[in-house]
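Biologist: Good morning. May we go through this model together, one topic at a time?

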Amino acid sequence: MGRFSIRPILAHAVLMAGAFLMIYPFYWMWHASTQAPGAIFGTLRDAPPMLTSMSQNYARALFDTPLPRFLLNGFLMTGGILMFQILTTVTCAYALAKFDFRGRRLVFAIVLISLSVPTQATALPIFIVLARLNMLDTYTAVVLPYLTSGFAIFLFHQFIRSFPDEILLAARLDGMSEVEIVLRIILPAMTPAIAAFAIFSITFHWNDLYWPMIVIKSIDLSPPTLGLLFFRSQEGGDSFGPLMACATLITAPLILLFLAAQRRFVQGVTMTGVK
């Protein structure tokens, strides 16, 4: 018989405890969205059936606020940001990883330094510029500050640096331009890395409340996070159930996205860490 070890048991217990701490808030959010307001905190004795409360809460979340419009805005904003970020960061990472030019190390150092600058530090000057250009309260105001990403440049640089130079040399000998090399060779091979970054980017910008609250004033342009504010004045009263229903509907696309891309996400994070 093998020697009994308690270490695997402790490791699994810690992992299960961590998983519980991560999952329970989502479960409570969904459970609260299916309950009547008084039943959520146990103050209502004769609570209506769960299906009745659930239908009422989700109906209010969908029809008392323009939630479908908020979701559409969220898809347009996060999708536009991700598209521009991939376009700018892949080309920049390719140049830093595969070209030897004066100032390359300085540029890469600036990219690394940018990772330590919080978003809030640059919010005021960007807001002033957008205000002077009359670009506030537009999709552009939300997308413009995030056209590129220092984190994505670093992530993609680590992947492209390990890409064989022989393949790129053979492609150049065949007459392919650098743009063709990026589009036809680099990008297809970077699918795991792009998927990993896409999860980070979409999650951050879908859940972002700080910047849209500053630059967006119109209801028609509000992203999903601003839709939650429709229930903020009564979140401890009758609107708590619809608030949780709205939060569940906003969170669901992110959960489905991660479940669909989790294999690529893990593969991309692993591959970018190996030279």
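This is a predicted model: local features need pLDDT of at least 70, side-chain atom pairs count only at pLDDT 80 or more; totals for chains, interfaces and linings use all residues.

Biologist: Which elements give two or more residues to the lining of the second largest pocket, and which gives the largest share?

Modeller: A pocket, on a 1 Å grid over the protein atoms alone, is an open set of points where a 1.4 Å probe fits, with protein on both sides within 12 Å along at least five of seven lines; lining residues have an atom within 4 Å of a point. The second largest pocket is lined by 15 residues. Two or more of them come from each of α1 (7–33), α11 and α14 (240–272). The largest share, eight residues, belongs to α14.

Biologist: Which residues lie nearest the centre of that second largest pocket?

Modeller: Met22, Phe26, Leu254, Ile255 and Phe258 lie nearest its centre.

Biologist: How do the residues of its lining divide into nonpolar, polar and charged?

Modeller: The lining of the second largest pocket has twelve nonpolar residues, three polar and no charged. Here Ala, Val, Leu, Ile, Met, Phe, Trp, Tyr, Cys and Pro count as nonpolar, Asp, Glu, Lys and Arg as charged, and the others, Gly among them, as polar.

Biologist: And the largest pocket: how many residues line it?

Modeller: The largest pocket has 25 lining residues, and Thr119, Tyr146, Thr148, Ser149 and Gly150 are those nearest its centre. At least two lining residues are supplied by each of α5 (104–114), α6 (123–132), α8 (150–161) and α11 (191–207). Of the elements, α11 gives the most, with five residues. The lining divides into 16 nonpolar, nine polar and no charged residues.

Biologist: Let us change topic. How many aromatic pairs does the count come to?

Modeller: The count comes to eleven aromatic pairs. Rings of Phe, Tyr and Trp (its six-membered ring) pair if their centres lie within 6.5 Å; planes under 30 degrees apart count as stacked, over 60 as edge-to-face and the rest as tilted. Tyrosine 94 and phenylalanine 99 form an edge-to-face pair, with 5.5 Å from centre to centre and 85° between the planes.

Biologist: Is tyrosine 94 buried or exposed?

Modeller: Tyrosine 94 is buried, at a relative accessible area of 3%, whereas phenylalanine 99 is partly exposed, at 31%. Buried means under 20% relative accessible area, exposed over 50%, and partly exposed in between (1.4 Å probe, protein chains only).

Biologist: Why is the pair of phenylalanine 151 and phenylalanine 197 tilted?

Modeller: That pair is tilted because the planes of its rings lie at 35°, with the centres 6.3 Å apart. Phenylalanine 151 belongs to helix α8 and phenylalanine 197 to helix α11, so the pair ties together parts that are 46 residues apart in sequence. Phenylalanine 151 is partly exposed, with a relative accessible area of 32%, while phenylalanine 197 is buried, with 2%.

Biologist: Which residues do ring pairs link into a cluster?

Modeller: Phe20, Tyr24, Tyr27 and Trp30 are linked into a cluster by ring pairs.

Biologist: Now the charged side chains. How many salt bridges does a search of the whole structure find?

Modeller: The search finds three salt bridges, each being a side-chain nitrogen of Lys or Arg within 4 Å of a carboxyl oxygen of Asp or Glu. In one of these, lysine 98 meets aspartate 165, with the closest N and O atoms 2.6 Å apart. Lysine 98 lies in helix α4 (residues 67–98) and aspartate 165 in helix α9 (residues 165–173), so the pair ties together parts that are 67 residues apart in sequence.

Biologist: Does lysine 98 count as buried or exposed?

Modeller: Lysine 98 counts as buried, at 18% relative accessibility.

Biologist: What about arginine 60 and aspartate 64?

Modeller: Their side chains meet in a salt bridge of 3.0 Å, N to O. Both ends are partly exposed: arginine 60 at 30% relative accessibility and aspartate 64 at 48%.

Biologist: And with which residue does glutamate 178 form a salt bridge?

Modeller: Glutamate 178 pairs with arginine 172, and their closest N and O atoms are 2.7 Å apart. Glutamate 178 is partly exposed, with a relative accessible area of 28%, and arginine 172 is also partly exposed, at 31%.

Note on methods: Residues are numbered from 1 along each chain as its sequence is written. Side-chain values use heavy atoms; hydrogens and water are left out. Helices (H or I, at least four residues) and strands (E, at least two) are DSSP runs, numbered from the N terminus.
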